[in-house]
Amino acid sequence: MSEVVSLLTLNQLVSSVRGQLFDSTVTEIFFSSVATDSRQVVENTLFVPLIGELQDGHKYVESAAEKGASVIFVANSSISEYSEKYQSISKKGVCLIIVENTLTALQQAASCYVSQFPSLIKVGITGSSGKTTTKELVASVLKQHFDVVMTEGNLNSETGLPLSVFKISTHHQVGVFEMGMNRKGEISELAAVLFPDFGIITNIGTAHIGILGTKDQIAHEKKQIFSHFSEKSIGFVPETDSYASFLAEEVKGTIKTFGLQSMPTVTNVQNLGIKGTSFFYKNRSITLSLPGKYNFYDCLAAIAIGEELGLSSLEIKQGIENIHSLF
């Protein structure tokens, strides 16, 4: 039986977050899960208290320690208010690491964790709509050939993605992760956690126009999924989107389009109404049970990446037909 080890060592964790130990006598740590909600803390959790507009997670540090947190990030700004509590918690053997910003530290720790899996094929998915559907379709297709880890539910935010990547294990071959956006700069931050080998943009819509002001700005932000590409990375953008050309400009790596014109192997498309869409892929009949043209285009993105990773037409068919209902 293999030895159970901490998700990160003390040195890896402190170094990755540019942190400082509250008690310098600590020499080692062990944590096997990560949480930002003290109610989800279990034995040997790294607890990350976040500071929001209405709540300050540092109020729950004591509670997290009582529930079994073994490591806790604390913001430098919280020291003066909670110093006595921190001293008490530290004396009980909990490792406190002082950081400038706990959210940034969570992302940095997650990025360090991901870097421990250099052979993992990482797929990032963003867009104004269809992210979760595309994630489910891509994962279902790739599961026919690979051991896949994926975003649970729609944990795709500045905190959700970092928490999701801590689910990666040594047996996983592919990671499929959704990237959402609620503010400017968020997609770039998430790309810096994942460093995706493949990136998919489902579409550019107006879902975040209240935050960013214009579709041009939305397109610019979504394009940041490619911002940490290597020369070998491949991005996929929808051929029918008016921003397709812009999304492909000045990107390190390769950008490909998905759609009926780009994919001549997809033929005989028939809209089945509420029963979904039927089509042929490499002369193999496939039925996507999710209705709507938008779901079919998400399906084309899954085919495109399956094809890129060498899956057979039968594997792609099985992956698509395994999706019955997402909601």
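This is a predicted model: local features need pLDDT of at least 70, side-chain atom pairs count only at pLDDT 80 or more; totals for chains, interfaces and linings use all residues.
**Stop 1: Lys-135 and Glu-178**

Select Lys-135 and Glu-178. Their side chains form a salt bridge, and the closest N and O atoms are 3.8 Å apart. Lys-135 lies in helix H5 and Glu-178 in strand E8 (residues 174-178), so the pair ties together parts that are 43 residues apart in sequence. Are these two residues buried or exposed? Lys-135 is buried, and Glu-178 is buried too. Salt bridges with shared partners join Lys-135, Glu-136 and Glu-178 into one network.

**Stop 2: Arg-183 and Glu-158**

Next, show the side chains of Arg-183 and Glu-158. They meet in a salt bridge, 2.7 Å from N to O. Arg-183 sits in the loop between E8 and helix H7 (186-194), and Glu-158 in the loop between strand E7 (148-150) and helix H6 (160-165), so this pair links parts that are 25 residues apart in sequence. Arg-183 is partly exposed, with a relative accessible area of 27%. Glu-158 is also partly exposed, at 22%.

**Stop 3: Glu-321 and Lys-317**

Go to helix H12 (residues 313-321). Select Glu-321 and Lys-317, whose side chains meet in a salt bridge of 3.2 Å, N to O. How many residues apart are they in the helix? They are 4 residues apart, which means a separation of about one helical turn. Glu-321 is partly exposed, with a relative accessible area of 26%. Keep Lys-317 on screen for the next stop.

**Stop 4: Arg-284**

Select Arg-284, in strand E14 (residues 284-288). Beyond residues up to four places away in sequence, Arg-284 touches Phe-279, Ser-313, Leu-314 and Lys-317. Zoom in on Ser-313. A polar contact of 3.1 Å joins the side chains of Arg-284 and Ser-313. Arg-284 is partly exposed, with a relative accessible area of 30%.

For a sense of scale, draw a line from Arg-284 to Thr-159. The C-alpha atoms are 41 Å apart, and the two residues are 125 apart in sequence.

**Stop 5: Thr-277**

Now pick Thr-277, in strand E13 (residues 277-281). Why does Thr-277 count as buried? Its relative accessible area is 5%, and buried means under 20%. Show what surrounds this residue. Leaving out residues up to four places away in sequence, Thr-277 touches Val-269, Gln-270, Leu-272, Ile-286, Thr-287, Leu-288, Leu-290, Gly-292 and Phe-296.

**Stop 6: helices H5 and H11**

Show helix H5 (residues 131-142) together with H11. H11 covers residues 293-308. At what angle do H5 and H11 pack? The angle is about 35°, and the axes are 9 Å apart. The crossing is right-handed.

Bring up the side chains where the helices meet. From H5, take Thr-133, Thr-134, Leu-137, Val-138, Val-141 and Leu-142. From H11, take Asn-295, Asp-298, Cys-299, Ala-301, Ala-302, Ile-305 and Gly-306.

**Stop 7: Asp-298**

Stay on H11 and centre on Asp-298. Asp-298 is buried, yet it has no salt bridge. Which side chain of opposite charge is nearest to Asp-298? It is Lys-131, 10 Å away. A salt bridge needs the nitrogen within 4 Å of a carboxyl oxygen. Apart from neighbours within four places in sequence, Asp-298 is in contact with Gly-130, Thr-133, Thr-134, Leu-137 and Thr-202.

**Stop 8: two loops with positive phi**

Finish with the backbone. Select Arg-18, in the loop between helix H1 (10-16) and strand E1 (20-21). Its phi is near 50°, a positive value in a residue other than glycine. Arg-18 counts as exposed, at 67% relative accessibility.

Then jump to Glu-250, in the loop between helix H10 (244-248) and strand E11 (254-258). The phi of Glu-250 is near 50°, again positive in a residue other than glycine. At 85% relative accessibility, Glu-250 counts as exposed.

Definitions and conventions. Residues are numbered from 1 along each chain as its sequence is written. Side-chain values use heavy atoms; hydrogens and water are left out. Buried means under 20% relative accessible area, exposed over 50%, partly exposed in between (1.4 Å probe, protein chains only). Contact means heavy atoms within 4.5 Å. A polar contact is a pair of N or O atoms within 3.5 Å; within protein, one must be able to donate a hydrogen and the other to accept it, and residues adjacent in sequence count only if both atoms are side-chain atoms. Lys and Arg count as positive and Asp and Glu as negative; His and the chain ends are not counted. Axes are lines fitted to C-alpha atoms, for helices over the stretch in contact, and angles run from 0 to 180 degrees between N-to-C directions. A crossing is left-handed if the near helix is turned anticlockwise from the far one by less than a right angle, and right-handed if clockwise.
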